[in-house]
Amino acid sequence: MRNSHRSWSFFQLESFLMYKAQAIQSAVVKVSPAFTSQRCPKCGLVEKTNRHHDTHKYWCKQCQYRCNDDRLGAM
Ligand SMILES: [Zn+2]
């Protein structure tokens, strides 16, 4: 039940995005969520321990890139 509610929210969000995008002649591009919170956007390193859940920070050990972990997932 819990998962179906979460899935419905994402389905609804996607529907809204598609509708709004069409209204301004834009496209919605779907991206696989796999490793989005672990992959560094600067150097491409995928490392689970770069993300610190308790402090909501992402810190790449390879290139020292830092940002909020939720922001990283969205990027
Ligand atoms: Zn990096």
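Here is a walk through the salt bridges of this predicted model. Side chains of opposite charge can pair when their charged atoms come close. With a cut-off of 4 Å between a side-chain nitrogen of Lys or Arg and a carboxyl oxygen of Asp or Glu, the count here comes to three salt bridges.

Let's start with Lys 30 and Glu 14, whose side chains meet at 2.9 Å, N to O. This pair ties together distant parts of the chain, 16 residues apart: Glu 14 sits in helix H1 (2-23), while Lys 30 lies in the loop between that helix and strand S1 (51-52). How open is each partner? Lys 30 is exposed, with a relative accessible area of 61%, and Glu 14 is partly exposed, at 31%.

Now move on to Arg 51. Its side chain forms a salt bridge with Asp 69, again given as N to O, at 2.9 Å. Here too distant parts of the chain are linked, with Arg 51 in strand S1 and Asp 69 in helix H2 (residues 69-74), 18 residues apart. Is Asp 69 buried or exposed? Asp 69 is buried, because its relative accessible area is 0% and the cut-off for buried is under 20%.

Arg 51 also meets Asp 70 in a salt bridge, with an N to O distance of 3.9 Å. That puts the pair within the 4 Å cut-off. Strand S1 and helix H2 are linked by this pair as well, with Arg 51 and Asp 70 lying 19 residues apart. Asp 70 counts as partly exposed, at 47% relative accessibility.

Technical notes: Residues are numbered from 1 along each chain as its sequence is written. This is a predicted model: local features need pLDDT of at least 70, side-chain atom pairs count only at pLDDT 80 or more; totals for chains, interfaces and linings use all residues. Side-chain values use heavy atoms; hydrogens and water are left out. Helices (H or I, at least four residues) and strands (E, at least two) are DSSP runs, numbered from the N terminus. Buried means under 20% relative accessible area, exposed over 50%, partly exposed in between (1.4 Å probe, protein chains only).
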